[in-house]
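I opened this notebook to keep track of what I looked up, one topic at a time.

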Amino acid sequence: MRITFVKYVFIMFCILCGGKLCSQGLNIDSCIRVLKTSREDTNKVILLNRIAWDIAYTNLKKGLEYSTQSIELAKKLHYESIYARLYNTKGAIYGDMAEVALALDQYIEGLKYAKKCNQPGSAAALYNSLGNLYGTNEEPRKALSNYLLAIDALAKSQPGRVPFPIYSNLIGVYTVLQKYDSAMYYANTCIEHNIKINDREGLTSNYIALSEIYSALKNKEECLIAANKGVVLAREMGDEYTMSHAYVQLGNALSLNGRYQDAFVAINEAIFYSKKTGDMPALELATLYLSQIYENSGDYKSSLKTFKEYTVYKDSALNNESIQQVKNAEAKFENEKKQKEIELLGEKQKLNEAESQKKRVYLYMAVFGIVILGFVLAILYRNNVLKQKTNKNLQAFNKEINLQKDLVELKNKEITDSINYAKRIQQSILTSEHYFKKHTTDFFILFKPKDIVSGDFYWALHHENRFIVMTADCTGHGVPGAMMSMMGINFLNEIVNEKKIVSPAGILNQLRKDIIKALNPEGSMIETKDGLDCCLCSFDFANMNLKYANANNNFYIIREKEIIVSKANKMPVGAGYNSDHSFQEFEVSIQKNDLVITFTDGYADQFGGPKGKKFKYKQLEDLLFANAHLPLSEIKEVLNDRIESWKGNLEQVDDICVMGIKI
């Protein structure tokens, strides 16, 4: 919640500057009573700042008023040594009011005086506040930069002191940046420290963050252990805000472990507390996880219903943000307008003073001077009227542009979210690595879609003592390619499981019929020539036999010191060239330790290198042959690193799929 963020920045400032909490000794009511009889001195400045911090926990607007008063009095008294502290207070309050630009201005102003007055402790606190502001607004790299500056400034202020509060912030930033080793180090460091000092609030936050790291690493056991610790501590403290976040992560951890019923209970606890506290980010994340739990449990109707609730919460957050941006723009315009009026008044005063001096020196030119002054004032007035009119028109124009921009961004976000949801569906249809491990000695799959979803796919099925494997490249990529790939996988499962067709050539012949029929329904006036290129291999590991049928694609068998290139049918699986010809089936003997590599054309067709040319199949053969002795997991890394290095700053031109199976 925003109130907790104000409180957090306040405590952090006191810790980093080596001071005590301002509210110690007097409560808010006592402070206000003392304020009424206080003289206008430095003590009153400190008291106003203290009240601003404390009252902002429950009333941000009042907190802003007292903070502004403290700065105005400090400037009146030329009390520069406290400016950094005062601007940090006002910046934190603006941050909680979602006035990001104004908060940023306050922190930058505070840093100016922290450096001017040689206050590295204050600079550390302000850099830390900037890191929190950027982190809240999803700019992790800027957040990380400011946290590192805070650590450096604190080292100058208090040499040898370990900045645990900043370390705690680094956990979340490194997790977002997917630098999990760094995130894990800081999480464990903070946990060890907070256990020593018995900081249960800090420990709760650390365990939730640690569980999120393990979730990203797919370490489901450790993820659940850390999440349970976070919930236990949150319940002991009775902090409903913290409990909502702890239960969200516990639900995620239970779902990761396949305990969907328990996950359902935990997520509903999170939804209860987040609604009670008004914590929209926690509510948004909880409903997203609940949708995923329903999906994993096979309850797709409830999953869709909950996902719609999630989009409503998300849209609500976006609308609130848009309204706040409009308010920020209006406030900024009014501020600039007042500044211009002050400048105009100053100019007018200068002209009056100059005219008075002329009267004293040149009395005989008084009448002429008055006429000149009137003429100048008329011009200034006319210019001011025109300027105000122009500013109003510009404001309306900018508001319209911003509204259109927000609408476009919202639509793009909705489209991207939908495609990401489609990606999850496509990934669930692809054959799992667990299935490959069950039916092969060793394997690797390098799968790199060009866009979020892929037109390439891989598929495998164990049927009647044979392991049937396909790598395929559908027409197109992105969403159209993904639709083709999912259609192809469904047809393959139906051909083998229901129609009992098991020969590679027979499978491809039937798949071609199904695709042509699906894309060219009876009565259609236009023949669609979409389809796929593929390599379909049927392994009999017991008899060391491999049957295969290809559509425009070869594959390799690497055996000791030679590389064997397969034969191929020069036609696609679909309408068009040679669609009236049956696919030819080939057979080859395989040996122990043979490495069978199947692939689509995306890897060889990638542009890059020093001259921006294609990678080509010959270079791929050489790369595979040179590294065939390595473990398959390392071959995958070599292939990935090489194509990324070759691509450089160029765009990926097509989906990439390379599969290796060890005999």
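**Pocket lining**

I began with the lining of the second largest pocket, which by class has 7 nonpolar, 6 polar and 3 charged residues. I kept in mind throughout that this is a predicted model. The space in this pocket comes to about 470 Å³, and of its 16 lining residues I noted Gln427, Ser428, Leu430, Thr431 and Tyr458 as those nearest the centre. I then looked up which elements supply at least two lining residues each, and found helix H17 (366-429), helix H18 (433-439) and strand S1 (442-448). Of these, H17 gives the most to the lining, with 5 residues.

**H5 and H6**

Next I turned to helix H5 (residues 83-96) and helix H6 (residues 100-116), which pack with their axes 8 Å apart and at an angle of about 165°. On the H5 side the contact includes Tyr83, Tyr87 and Tyr94, and on the H6 side it includes Tyr107 and Tyr113. Sorted by class, this contact has 10 nonpolar, 5 polar and 2 charged residues.

**H12 and H13**

For helix H12 (residues 220-237) and helix H13 (residues 240-256), I noted that the axes come within 8 Å and cross at roughly 155°. H12 and H13 are therefore roughly antiparallel to each other, and their crossing is left-handed. Among the residues that meet here are Cys223, Leu224, Ala227 and Val231 in H12, and Met243, Ala246, Leu250 and Ala253 in H13. I counted the classes in this contact as 13 nonpolar, 4 polar and 2 charged.

**H19 and H20**

Which way does H19 pass H20, in a left-handed or a right-handed crossing? I first looked up the geometry: the axes of helix H19 (residues 478-497) and helix H20 (residues 504-519) come within 10 Å and cross at roughly 130°, which makes H19 oblique to H20. The crossing itself is right-handed. In the contact I listed, among others, Met484, Met487, Phe491 and Ile495 of H19, together with Ile507, Leu511, Asp514 and Ile515 of H20. By class, the contact of H19 with H20 has 11 nonpolar, 2 polar and 1 charged residues.

Key:
Residues numbered from 1 in each chain as written. Predicted model: local features only at pLDDT ≥ 70, side-chain atom pairs only at ≥ 80, totals over all residues. Heavy atoms only, no water. Axes fitted to C-alpha atoms, helices over the stretch in contact; angles between N-to-C directions. Helix = DSSP H or I, 4+ residues; strand = E, 2+ residues; numbered from the N terminus. Contact = heavy atoms within 4.5 Å. Nonpolar A, V, L, I, M, F, W, Y, C, P; charged D, E, K, R; others polar. 1 Å grid on protein atoms, 1.4 Å probe; cavity = no way out; pocket = protein on both sides within 12 Å on 5 of 7 lines; lining within 4 Å. Points joined across faces, edges and corners; volume = space filled by probe spheres on them. Parallel < 35°, antiparallel > 145°, perpendicular 65-115°, else oblique. Left-handed = near helix turned anticlockwise from the far one by under 90°.
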